[in-house]
Amino acid sequence: MILHEDPRSGNCYKIRLAAAHLGVPLDRRFYDIMQGETRTPEFLAKVNGDGRIPVLQDGDLLLPESNAACYYLADGSPLVPAGRFERADMLRWMFWEQYSHEPNVATLRFWLAFIGADRLSDSQRVLLGSKREAGEAALSLMDRHLAERDWFVGGAFGLADIVLYAYTHVADAGGFDLGRYPAVGAWLSRVAAMPRHVPMD
Ligand SMILES: N[C@@H](CCC(=O)N[C@@H](CS)C(=O)NCC(=O)O)C(=O)O
């Protein structure tokens, strides 16, 4: 399988991390999102009309959206719980990651560590406070959840842990103080200690 990616992206790293746990080799194709390489007519026509990475390619099949790609890789494996409720609960955390976590925790990392605080547009600058507040609320919810259990879903390491690890472990680059979330910190260490773990590039 081919992964179209920018290695700095946590959304791309999720897929590499899931693939590493599953022992699936990926042929990596690199694009520099800062140079608009996912917005070229060729990329839009042949890889993803939405102009974004990651895109997982299996033969002729193209699958954008990181959490869908992770699910495609992990379906039928121990990373996806067998029970109906636990499987839905895993999806709940994956949807939550895309709606309540990534748009705040990942976006602030992108704005502050990649674009730079002094180069933000007015519209980005206006949103800094609300994104910080929403990102802290997301990390707080994770901390409360993890204070009572080791893994997000069903008592075992799985896909929900993988997708949430991707941007949480680099949240400090967005100005979040992970020291305020001790249960998240302990969980990050547990994920990183898993036998097939691979770090972000
Ligand atoms: N919901 C998508 C988000 C994809 C996304 O925002 N990708 C960013 C990098 S993390 C991107 O390609 N940005 C380049 C651009 O929008 O031009 C996913 O989870 O894959």
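Trainee: How much space lies in the largest pocket?

Mentor: In this predicted model, the largest pocket holds about 710 Å³ of space. Its lining comprises 26 residues, and those closest to the centre are Asn11, Ile33, Arg52, Ile53 and Glu102.

Trainee: Which helix gives the most to that lining, and how is the lining divided by class?

Mentor: Helix α4, residues 84-116, gives the most, with eight residues. By class, ten lining residues are nonpolar, eight are polar and eight are charged.

Trainee: Which residues of helix α7 are buried, and where on the helix do they lie?

Mentor: The general idea comes first. An α-helix has 3.6 residues a turn, so residues three or four places apart point the same way. In α7, which spans residues 182-192, the buried residues are Ala183, Val184, Trp187, Leu188 and Val191. Viewed down the axis of α7, these buried residues fall within an arc of 140 degrees, so they line one face of the helix. Their cover includes α5 (122-146) and α6 (159-168).

Trainee: Which members of the largest nonpolar core touch the most other members?

Mentor: This core has 51 residues, and the members with the most such contacts are Ile15, Met142, Phe152, Leu159, Leu164, Val184 and Trp187. At least two residues come from each of α1 (10-22), α3 (66-74), α4, α5, α6 and α7; α4 gives the most, with nine.

Trainee: What does Phe152 touch, leaving aside residues up to four places away in sequence?

Mentor: Phe152 then touches Trp93, Met142, His145, Leu146, Ala160, Asp161, Leu164 and Trp187. A second, separate core has six residues, among them Tyr31, Phe43, Val47 and Ile53.

Technical notes: Residues numbered from 1 in each chain as written. Predicted model: local features only at pLDDT ≥ 70, side-chain atom pairs only at ≥ 80, totals over all residues. Heavy atoms only, no water. 1 Å grid on protein atoms, 1.4 Å probe; cavity = no way out; pocket = protein on both sides within 12 Å on 5 of 7 lines; lining within 4 Å. Points joined across faces, edges and corners; volume = space filled by probe spheres on them. Helix = DSSP H or I, 4+ residues; strand = E, 2+ residues; numbered from the N terminus. Nonpolar A, V, L, I, M, F, W, Y, C, P; charged D, E, K, R; others polar. Buried < 20%, exposed > 50% of the residue type's maximum accessible area, 1.4 Å probe, protein only. Arc of directions from axis to C-beta. Contact = heavy atoms within 4.5 Å. Core = buried A, V, L, I, M, F, W, Y, C linked by side-chain atoms within 4.5 Å.
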